Amino acid sequence: MRNNLRALYELQEIDLRIDGLDVERGQLLAEAQALEAKLVEAREKISSRREEAQALEAEKTGLEASLAGESENIVRSESHLKEIKTQKEYQAVSKEITGAKKLIAELEDQILQKINTLEEISGDVAKKEADLSELVENIALQQAEVQRKVENLEGGIAADVTTREQTIKGLPASVLKRYARLREQRRGVAVVEAKEGNCMGCNMHLPPQLYNTLFRADDVITCPHCQRILVMRQELEAK
Ligand SMILES: [Zn+2]
């Protein structure tokens, strides 16, 4: 049984190591996703600025069409003026021309505002694109580093899995089953040391008689408080 206890203890160490590597791997993959999300965000910002510019461009085209329309109105009214006979008619057409000119001035103002905003956006887009290409380079380097770490971890996990297979070979199926169930119930820790009369898993005091039987360690003994399998370190090291 001593050999089994040693194997169980080793199995526990291997499994905790694999658990740890798995957590690290998960963190690295999350890191890689976060980096990717940064790129997506930067690209989205640029395309939303571009859409803004497109909308402004369409508005500007509309204003320019109105401006052309008003200019035509003025030309028409002015040629009309020459044929006018009465003072009353003349005043009405003059008023039309004044109104159209005022409108044209307003439209020109609005078009100028659109041009200014469009220039602003185009400068902003150029800056954002420069930032993006820098970010793309940066993130590619970071992703490569993350990938390298992930591969290292996976190598470590694969090696541990191989060792694990060797370690469980001699263990009875019933013991392994119990071990697996305890791992599930006790947040991954099924085998713990008994030290100075205490269970190191739950820190509770072990009954002296039980503690004494551990020195002989000829059976799987479990903690009466947390049910974890108890091992004595000195027993493991003596062998
Ligand atoms: Zn315990």
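Modeller: Let us start with handedness, bearing in mind that this is a predicted model. A crossing is called right-handed if the near helix is turned clockwise from the far one by less than a right angle, and the crossing of helix 1 and helix 3 is right-handed.

Colleague: At what angle do helix 1 and helix 3 pack, and how far apart are their axes?

Modeller: The angle between helix 1 and helix 3, which covers residues 173–185, is about 35°, and their axes lie 12 Å apart. On the side of helix 1 the contact is made by N4, L8, L11 and D15, while helix 3 brings V175, Y179 and R183 to it.

Colleague: Which residues of helix 1 are buried?

Modeller: A residue counts as buried if 20 or more other C-beta atoms lie within 10 Å of its own. In helix 1 the buried residues are L5, L8, Y9, L11, Q12, I14 and D15. Among them, L8, L11 and D15 also belong to the contact with helix 3.

Colleague: How can I read the length of a helix, and what span is expected for helix 1?

Modeller: The expected span of a helix is 1.5 Å times one less than its number of residues, and this value can be set beside the distance between the end C-alpha atoms. Helix 1 has 80 residues and reaches 118 Å from its first C-alpha to its last, close to the expected 118 Å. Helix 2, made of residues 87–168, has 82 residues and reaches 113 Å, close to the 122 Å expected for it. For helix 3, with its 13 residues, the end C-alpha atoms are 18 Å apart, which agrees with the 18 Å that they should span at 1.5 Å a residue.

Colleague: Which residues of helix 2 are buried, and what covers them?

Modeller: The buried residues of helix 2 are L107, V146 and T167, and what covers them includes helix 1. Q142 also lies in helix 2, but Q142 counts as partly exposed because it has 15 C-beta neighbours inside 10 Å. As for distances, the C-alpha atoms of Q142 and E119 are 23 residues apart along the chain and separated by 34 Å.

Colleague: What does L171 touch, and where does it lie?

Modeller: L171 is in the loop between helix 2 and helix 3. Leaving aside neighbours within four places in sequence, L171 is in contact with N4, A7, L8 and L176. With 15 C-beta neighbours inside 10 Å, L171 counts as partly exposed.

Colleague: Which residues have a positive phi although they are not glycines, and are they buried or exposed?

Modeller: E196 is in the loop between strand 1 and strand 2, and E196 is exposed because 9 other C-beta atoms lie within 10 Å. N203 lies in the loop between strand 2 and helix 4, and N203 counts as exposed, with 10 C-beta neighbours inside 10 Å. A positive phi, near 45°, is also found at R187, which follows helix 3.

Colleague: Where is V220, and what does it touch?

Modeller: V220 is in the loop between helix 4 and strand 3. Not counting residues up to four places away in sequence, V220 touches V175 and I229. V220 counts as partly exposed, with 18 C-beta neighbours inside 10 Å.

Colleague: How many helices and strands does the protein have, and in what order do the elements run?

Modeller: There are 5 helices and 4 strands, and from the N terminus on they run α-α-α-β-β-α-β-β-α. The radius of gyration is 40 Å, well over the 18 Å that the globule rule gives for 239 residues, so the protein is more spread out than a compact globule. Its C-alpha atoms fill a box of roughly 130 × 35 × 30 Å along the principal axes, and 11% of the 239 residues count as buried.

Technical notes: Residues are numbered from 1 along each chain as its sequence is written. This is a predicted model: local features need pLDDT of at least 70, side-chain atom pairs count only at pLDDT 80 or more; totals for chains, interfaces and linings use all residues. Helices (H or I, at least four residues) and strands (E, at least two) are DSSP runs, numbered from the N terminus. A residue is buried if 20 or more other C-beta atoms lie within 10 Å of its own, exposed if 12 or fewer, and partly exposed in between; C-beta atoms are placed from the backbone. Two residues are in contact if their C-beta atoms, placed from the backbone, lie within 7 Å. The radius of gyration is taken over C-alpha atoms; the globule rule is 2.2 Å times the number of residues to the power 0.38. Axes are lines fitted to C-alpha atoms, for helices over the stretch in contact, and angles run from 0 to 180 degrees between N-to-C directions.
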